[in-house]
Every structure is written in C-alpha cells, then in structure tokens.
Amino acid sequence: MSNLRQQFIAFSVTAGVLRFGEFVTKAGRNSPYFFNAGLFSDGANLGQLGEFYAQTLIDSGVEFDMLFGPAYKGITLASATAVELARKGRNVPFAFNRKEAKDHGEGGVMVGAPLQGRVVIIDDVISAGTSVRESVNMIVAAGATPCAVLIALDRMERSGKDGELSAFSAVQEVSLNFAIPVISIANLNDLFDYISAAGADSRQAQYKEAIAAYRNRYGTE
C-alpha cells in the first residue's frame with residue numbers, strides 16, 4: 001500500500017467518513033464498512049481531501065484540461081480538487097451541473113467553465129455507474145472528451161445480485177464501457193491492509209474477518 005493510500009484511509013477513519021459496523025449498501029448488501037464523502041463537512045477536512053484528489057490525479061499521469069463534478073457531491077469535490085491543483089501550480093477550469101435546468105439568468109444545467117478539451121470527472125465512489133454515464137453524455141454533447149474518472153474509494157465489488165454476479169466491478173465496467181481509466185485514491189485492498197496493520201487491540205481489528213469475508217464474496221481484482 002502506497003504512503004498516500006495509507007494516509008487517505010487513516011484520514012477517512014479519523015474524520016468519521018470511513019466507518020466500520022453493519023451497513024446496508026445501495027445494492028442491498030450487508031457491508032461491514034461504509035464510506036460517505038458527504039461527511040467531509042468542514043474546511044480543514046475538505047482542504048485535505050482536495051489535496052488527496054489533486055495529488056492522485058497528478059501521480060496518475062493522465063493528461064487533462066479541466067475538471068467536471070456531477071451534482072451533488074461531485075460539485076464540492078471538483079471545486080476542492082481545482083483549488084489544490086492551482087496551489088500545486090496547475091490552474092485548470094472546472095464545471096458542474098444542476099439536477100434541474102435553470103430557466104432564468106444564464107439558464108441551462110451547466111455552471112462554471114465551458115466544457116472543452118480533455119475532461120476528468122470527479123466523484124466520491126462508483127456504485128451503478130449512473131452518474132458517470134450522465135456526465136459522459138453531457139461532456140460529449142458539449143463537444144469535449146471525457147478522459148478519466150477520479151474517485152475517492154474503489155469498493156472493488158462485482159456488480160449484480162447474488163447468484164448472478166458480474167465478472168467485473170462497477171468501476172471496471174465503467175472503464176470498459178467508456179474506454180477511459182478510473183483512478184481511485186484508495187481501494188478495498190488498501191482498506192484491508194489498514195485493518196490488518198491496525199493491531200489486535202484497535203477498534204477496527206474486530207472487523208478484519210468480516211471485511212475479508214465480504215471481499216471474498218463480492219470482491220474482484
């Protein structure tokens with residue numbers, strides 16, 4: 001596990017964004033952990049989160065011209081990432097969409113810079129890929145090119161229902177369907193490494209077996 005990934009998992013746990021226990025996911029699965037980027041809800045945490053996004057994007061080597069944040073969580077994430085990129089000497093424009101078109105003022109569903117060139121979509125996680133699909137459609141419709149998706153955590157879970165699980169995760173399906181890379185700050189393997197290194201006396205250690213079982217049941221490489 002890289003130092004950046006290790007730091008991000010630890011940061012998410014400390015911020016209360018990555019939690020362990022019993023949770024039901026959007027897919028209806030009983031998960032021993034839950035990640036909710038909406039809980040990065042103060043200035044210090046958001047600034048640090050933007051730093052992780054920006055550095056991960058830079059380290060990826062992906063060539064890009066601007067950022068796009070799908071409503072709603074992606075709006076804040078793209079904004080924070082743009083600020084941190086500028087601090088690192090890479091000042092790029094960003095845009096986001098409204099859920100409903102505005103019928104006065106400038107109108108429309110898009111806010112921010114015009115979509116053009118190579119666009120990175122910034123979001124928190126990929127569950128069903130719906131947000132990415134909608135984002136890709138808007139970017140292409142504007143004449144720009146989606147070049148990558150950047151997310152915080154890749155759950156590395158196969159899509160579908162029990163007994164009918166896909167061979168691919170939602171992240172892999174997005175990458176295959178749209179022929180673009182999906183970059184994550186960290187993934188399920190990094191989370192498991194964090195739990196494994198936490199020590200038997202830590203509060204997280206009790207969830208190690210449950211996470212391992214969950215990964216064995218739904219996980220993909």
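Reply: Let us begin with pairing: two strands pair if DSSP finds at least two bridges between them. Please keep in mind throughout that this is a predicted model.

Me: What makes strand β1 and strand β2 a pair?

Reply: Strand β1 (residues 18-24) is joined to strand β2 (residues 30-35) by 5 bridges. Pairing asks for at least two bridges, so β1 and β2 count as paired. The two strands run antiparallel, and Arg-19 stands opposite Phe-34 in β2. Together they form a hairpin with 5 residues between them. In the turn, Gly-28 has a positive phi of about 85°.

Me: Leu-18 is found in strand β1. Is Leu-18 buried or exposed, and how do you know?

Reply: The relative accessibility of Leu-18 is 3%. Buried means under 20%, so Leu-18 counts as buried. Leaving aside neighbours within four places in sequence, Leu-18 is in contact with several residues, among them Ile-9, Val-13, Phe-34 and Leu-191. Leu-18 and Leu-191 are 173 residues apart along the chain, and their C-alpha atoms are separated by 9.5 Å.

Me: Why is helix α2 called roughly perpendicular to helix α3?

Reply: The axes of α2 (residues 43-60) and α3 (residues 73-87) cross at roughly 70° and come within 8 Å. Angles of 65 to 115 degrees count as roughly perpendicular, and therefore α2 is described as roughly perpendicular to α3.

Me: Which residues of α2 and α3 meet?

Reply: On the α2 side they include Leu-46, Leu-49, Tyr-53 and Leu-57, and on the α3 side they include Leu-77, Ala-80 and Leu-85. By class, this contact of α2 with α3 has 9 nonpolar, 4 polar and 2 charged residues.

Me: What makes the pair of Glu-157 and Arg-29 a salt bridge?

Reply: The closest N and O atoms of Glu-157 and Arg-29 are 2.7 Å apart. A salt bridge requires a side-chain nitrogen of Lys or Arg within 4 Å of a carboxyl oxygen of Asp or Glu, so this pair qualifies. By this rule the count comes to 8 salt bridges. The pair links distant parts of the chain, 128 residues apart: Glu-157 is in the loop between β7 (145-154) and α5 (170-178), and Arg-29 is in the loop between β1 and β2.

Me: Are Glu-157 and Arg-29 buried or exposed?

Reply: Glu-157 has a relative accessible area of 11%, and Arg-29 has one of 7%. The limit for buried is under 20%, so Glu-157 is buried and Arg-29 is buried.

Me: What joins Glu-51 to Lys-88, and why is Lys-88 called partly exposed?

Reply: The side chains of Glu-51 and Lys-88 meet in a salt bridge, at 3.1 Å from N to O. Glu-51 lies in helix α2 and Lys-88 in the loop between α3 and β4 (94-102), so parts 37 residues apart in sequence are tied together. Partly exposed covers values between the buried limit of 20% and the exposed limit of 50%. Lys-88, at 34% relative accessibility, therefore counts as partly exposed, and Glu-51, at 25%, counts as partly exposed.

Me: How do you know that Asp-124 and Lys-73 form a salt bridge?

Reply: Their closest N and O atoms are 3.4 Å apart, and the cut-off is within 4 Å. Asp-124 is buried, with a relative accessible area of 8%, whereas Lys-73, at 38% relative accessibility, counts as partly exposed. Elsewhere, salt bridges that share partners join Arg-29, Arg-155 and Glu-157 into one network.

Me: Why is strand β6 called largely enclosed by the rest of the structure?

Reply: Of the 5 residues of β6, 4 are buried, and so the strand is largely enclosed. Strand β3 (residues 66-69) and β6 pair in the parallel sense over 3 bridges, and the bridge partner of Phe-68 in β6 is Ile-121. A further 5 bridges join β6 to β7, which run parallel. In β7, Ala-148 is the bridge partner of Val-120.

Methods: Residues are numbered from 1 along each chain as its sequence is written. This is a predicted model: local features need pLDDT of at least 70, side-chain atom pairs count only at pLDDT 80 or more; totals for chains, interfaces and linings use all residues. Side-chain values use heavy atoms; hydrogens and water are left out. Axes are lines fitted to C-alpha atoms, for helices over the stretch in contact, and angles run from 0 to 180 degrees between N-to-C directions. Angles under 35 degrees count as roughly parallel, over 145 as roughly antiparallel, 65 to 115 as roughly perpendicular and the rest as oblique. Contact means heavy atoms within 4.5 Å. Ala, Val, Leu, Ile, Met, Phe, Trp, Tyr, Cys and Pro count as nonpolar, Asp, Glu, Lys and Arg as charged, and the others, Gly among them, as polar. Buried means under 20% relative accessible area, exposed over 50%, partly exposed in between (1.4 Å probe, protein chains only).
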